[in-house]
Amino acid sequence: NGLNQSPQTKTTFTRNLTLGSTGLDVKQLQQFLNASGFPVALTGLGSAGNETMFFGAKTKIALGKFQRAHNIFPFQGFFGPLTRAYVNKLQ
């Protein structure tokens with residue numbers, strides 16, 4: 001599939017995530033995005049190795065770029081059923 005995923009624990013995402021969501025699954029989503037070439041941030045909070053448990057604007061933007069690249073409509077940065085199923089299938 002061409003993704004440069006680092007060896008990390010595979011996560012099965014089970015809930016919708018959106019702006020303001022918090023939890024370990026948010027951190028795991030950030031790790032997935034960073035490892036897949038859609039960095040949440042290049043430095044500081046959200047960057048590779050500095051992922052957080054908060055779904056903020058940078059996570060939304062990175063997720064939207066991932067969705068656009070994989071033709072998952074709409075490209076709004078909402079981690080809902082379509083994106084979740086796609087990401088779970090990739091892992």
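Tutor: Happy to; let's begin at Asp25, which counts as buried because its relative accessibility is 16%. Buried here means under 20% relative accessible area, exposed means over 50%, and partly exposed is what falls in between (1.4 Å probe, protein chains only). Before going further, please keep in mind that this is a predicted model, in which local features need pLDDT of at least 70 and side-chain atom pairs count only at pLDDT 80 or more, while totals for chains, interfaces and linings use all residues. Residues are numbered from 1 along each chain as its sequence is written, and side-chain values use heavy atoms, with hydrogens and water left out.

Asp25 has a charged partner: it forms a salt bridge with Arg15, and the closest N and O atoms are 2.6 Å apart. The pair joins distant parts of the chain, with Asp25 in helix H1 (residues 24–35) and Arg15 ten residues away in the segment before H1. A salt bridge here is a side-chain nitrogen of Lys or Arg within 4 Å of a carboxyl oxygen of Asp or Glu. Helices (H or I, at least four residues) and strands (E, at least two) are DSSP runs, numbered from the N terminus. Side chains of opposite charge can pair when their charged atoms come close. Arg15 counts as partly exposed, because its relative accessibility is 36%. A search of the whole structure finds one salt bridge.

The largest nonpolar core has 16 residues, of which Leu29, Leu33, Leu63, Phe66 and Phe79 touch the most other members. H1 gives this core its largest share, four residues, and H1, helix H2 (57–69) and helix H3 (81–90) each supply at least two. Such a core is a set of buried Ala, Val, Leu, Ile, Met, Phe, Trp, Tyr and Cys residues joined through side-chain atoms within 4.5 Å.

Take Leu29: leaving aside neighbours within four places in sequence, Leu29 is in contact with Phe13, Leu17, Phe55, Thr59, Leu63 and Phe79. Contact means heavy atoms within 4.5 Å. Not counting residues up to four places away in sequence, Thr59 touches Leu29, Gln30, Leu33, Val40 and Phe54.

Phe54 takes us into the loop between H1 and H2, where, at 46% relative accessibility, Phe54 counts as partly exposed. With residues up to four places away in sequence again left out, Phe54 touches Gly20, Ser21, Thr22, Val26, Gln30 and Thr59. Phe54 and Gly20 are 34 residues apart in sequence, yet their C-alpha atoms are 6.6 Å apart in space.

On the H2 side the contact is made by Leu63, Phe66 and Gln67, and on the H3 side by Thr83, Tyr86, Val87 and Leu90.

The loop between H2 and H3 holds Ile72, which is buried at a relative accessible area of 7%. Beyond its neighbours within four places in sequence, Ile72 is in contact with Phe66, Gln67, Leu82, Thr83 and Tyr86. The C-alpha atoms of Ile72 and Tyr86, 14 residues apart along the chain, are separated by 8.5 Å. Asn71, in the loop between H2 and H3, is exposed, with a relative accessible area of 55%. Phi of Asn71 is near 55°, a positive value in a residue other than glycine. Pro74 is found in this loop too, and the peptide bond from Phe73 to Pro74 is cis, with omega near -10°. For context, most residues other than glycine have a negative phi, and most peptide bonds are trans.
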